[in-house]
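Subject: A structure for you to look at

Hi there,

Here is the structure I promised to pass on to you. Have a look around first, and then read on for what turned up.

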Amino acid sequence: MILESRKWDEMEVGQSAELKRLCTADDFYVFAAASGNHNPVHLEAEDGDGDGVREAYAPGMFVASLITAVLGNLLPGPGTLYRSQMLNFHDHAMAGQELCARVEVVEKLADGAVRFATQVTRVSDGALIVDGIAEVFAPKKHLKFDALEVPGLISQRHRHFEKLLERAEPLPDLVTAVVCPEEPASLEGAILAAERRIIEPLLIGDPERIMRAAADCGLDATRFEILPAESARDAARLAVQLVHEGRAGAIMKGHLHTDTLLKPMLDKATGLRTGRRFTHVFVMDVPGISHPLIVTDAAINIAPDLVTKVDIVQNAIDVAISIGIAVPKVGVLSAVETVTPSIPSSLDAALLSKMAERGQITGGEVDGPLAMDNAVDLGAARIKGLRGQVAGRAEVLVAPGIDSANMLAKQLAYISHAEGAGLVLGAKVPVILNSRSDSAMARLASAAVASIHYHRMRGKQE
């Protein structure tokens, strides 16, 4: 945004300007830190009004501060100084709502000041949140600034993962076949999840290696059942057998190759197929984003065709619903936001969007093609003239192939400080797919997502 001021003599009665802002829970945490107002009614992690529901009401002065953004950025613009502001509050705003702040010149005062009518409304229904009168001193010089860089702030880490753990812990412990937990990281993840009462692990592999791994990380594995297996291949087969026998409701990857783990599950006669393709999802906790972000498919399907992408999208919608996103907004990514015959991913995206419209994909809003910027940023979507529920608000990102999905997930992890809970979907039970580089929290979150998803899907079947 280029900031350019208007002097007193350049302004006329009736001139107006406005800015729109999507309010997030993170905004309110940052405002609490800056203002010192820690009223819990504004913080999404707390039940601030005691009604049993965690709301995140926008602080009144945060809403009012949106007016200052219009005055300082647009009209009069840079160099503006306040003399007074009168406010009347009519309604409350909440995290997740988009607000529009507007100012209009109503009088030019003799001392170089300007009087404005000011208001903030909710975009979705036009409801008036606050109005009033502002008097400001207009800039005495014409000023112009290129876009000013203001450092972003990270208010919390793991807030989405912590909520998933809170949801999973009251559920019955999910009996999980842990395949080859024969090195410290893979064993530690299983035991940590067991200590949080998320899973009940059945440890499959070489008993001596398992006990050695436990000793290396200072944990006690003797209280868990250990099922011997001579090789990784045998351990993976035994895990599938335990699912068929009803003894396990999930499978967790330990220290073995993903191909070795999945091969017996994909067997047409004895595996865990359900009729859908096996697909991978990352449920990502990205600092600064007000909701979990699902990225798919970053680990299983290399160059998925349209039929495979249908299952990729449907599996992602199903797990998004399980973790609490009532109607997931699915952005199908491409390099462009227009259907372009020379870019195959844009054609697939358009077809997936139409298939969802016709009921061939259910449970979510699907839109595409969308470029990354206009999938996740409302301002970018508006600049491109994109409307609808998904553009700028996507909660699920469907990449064209494994290269782009993997790069996207790792960019979020290593540049944006996100962490991902990894699952394979499409089998009879969720498959927890951790990496050796995953943190303890990521491993716990993977188990939590598996448990939440398993119990919701089992409830539907019953």
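What percentage of the 462 residues in the chain is buried? The answer is 50%. Please keep in mind as you read that this is a predicted model.

**The chain as a whole**

The chain holds 13 helices and 18 strands. Along the principal axes, its C-alpha atoms fill a box of roughly 90 × 50 × 40 Å. If you take the contacts with a separation of 6 or more, 71% of them involve residues 24 or more positions apart.

The accessible surface amounts to about 21,400 Å², and carbon and sulfur atoms contribute 52% of that. On the charge side, there are 46 positive and 59 negative charges, and their mean positions lie 4 Å apart.

**Aromatic rings**

Searching the whole structure gave two aromatic pairs. In one of them, the ring centres of Phe 28 and Phe 62 are 5.3 Å apart and the planes meet at 75°, so this pair counts as edge-to-face. Phe 28 belongs to helix α1 (residues 25–35) and Phe 62 to helix α2 (residues 60–73), so the pair links parts that are 34 residues apart in sequence. Phe 28 and Phe 62 are both buried.

The other pair is made by Phe 31 and Phe 62, with centres 5.9 Å apart and planes at 80°, so it is edge-to-face as well. Here Phe 31 sits in helix α1 and Phe 62 in helix α2, so parts 31 residues apart in sequence are tied together. Phe 62 has a relative accessible area of 6%, and it counts as buried because the cut-off is under 20%. Taken together, Phe 28, Phe 31 and Phe 62 form one aromatic cluster.

While you are looking at rings, turn to Trp 8 too: Lys 108 lies over its face, at 4.1 Å from the ring centre.

His 42 is in the loop between α1 and α2. With a relative accessibility of 11%, His 42 is buried. Setting aside neighbours within four places in sequence, the residues in contact with His 42 are Phe 28, Asn 37, Ala 56, Tyr 57, Ala 58 and Pro 59.

Leu 444 is in helix α13 (residues 440–461). Leu 444 is buried, at 8% relative accessibility. Not counting residues up to four places away in sequence, Leu 444 touches Leu 165, Leu 192, Ala 193, Arg 196 and Ile 198. Ala 421 is 23 residues away from Leu 444 in sequence, and the C-alpha atoms of the two are 8.1 Å apart in space.

**Backbone details**

Most residues other than glycine have a negative phi, and most peptide bonds are trans. With that in mind, here are some places to check.

- The peptide bond from Thr 296 to Asp 297 is cis, its omega being near 0°. Asp 297 falls in the loop between β13 (293–296) and α8 (306–322).
- Gly 368 and Pro 369 are also joined by a cis peptide bond, with omega at about 5°. Pro 369 is part of strand β15 (residues 365–370).
- Arg 197 is not a glycine, yet its phi is positive, at about 60°. You can find Arg 197 in the loop between α4 (184–195) and β9 (199–205).
- His 417 is a residue other than glycine with a positive phi, near 65°. His 417 lies in the loop between α12 (402–414) and β17 (419–425), and at 42% relative accessibility His 417 is partly exposed.

**One more stop: Ser 84**

Ser 84 is in strand β3 (residues 81–89). Is Ser 84 buried or partly exposed? Its relative accessible area is 32%, so Ser 84 is partly exposed. Apart from neighbours within four places in sequence, Ser 84 is in contact with Ile 133, Ala 134 and Glu 135. Leu 219 is 135 residues from Ser 84 along the chain, and 63 Å separate their C-alpha atoms.

Enjoy exploring it!

Best wishes

Note on methods: Residues numbered from 1 in each chain as written. Predicted model: local features only at pLDDT ≥ 70, side-chain atom pairs only at ≥ 80, totals over all residues. Heavy atoms only, no water. Helix = DSSP H or I, 4+ residues; strand = E, 2+ residues; numbered from the N terminus. Buried < 20%, exposed > 50% of the residue type's maximum accessible area, 1.4 Å probe, protein only. Contact = heavy atoms within 4.5 Å. Areas by Shrake-Rupley, 256 points an atom, 1.4 Å probe, with all protein chains shown as cover. Lys, Arg positive; Asp, Glu negative; His and termini not counted. Charge placed at Lys NZ, Arg CZ, Asp CG, Glu CD. Phe/Tyr/Trp six-rings, centres within 6.5 Å; stacked < 30°, edge-to-face > 60°. Lys NZ or Arg CZ within 6 Å of the ring centre and 35° of its normal.
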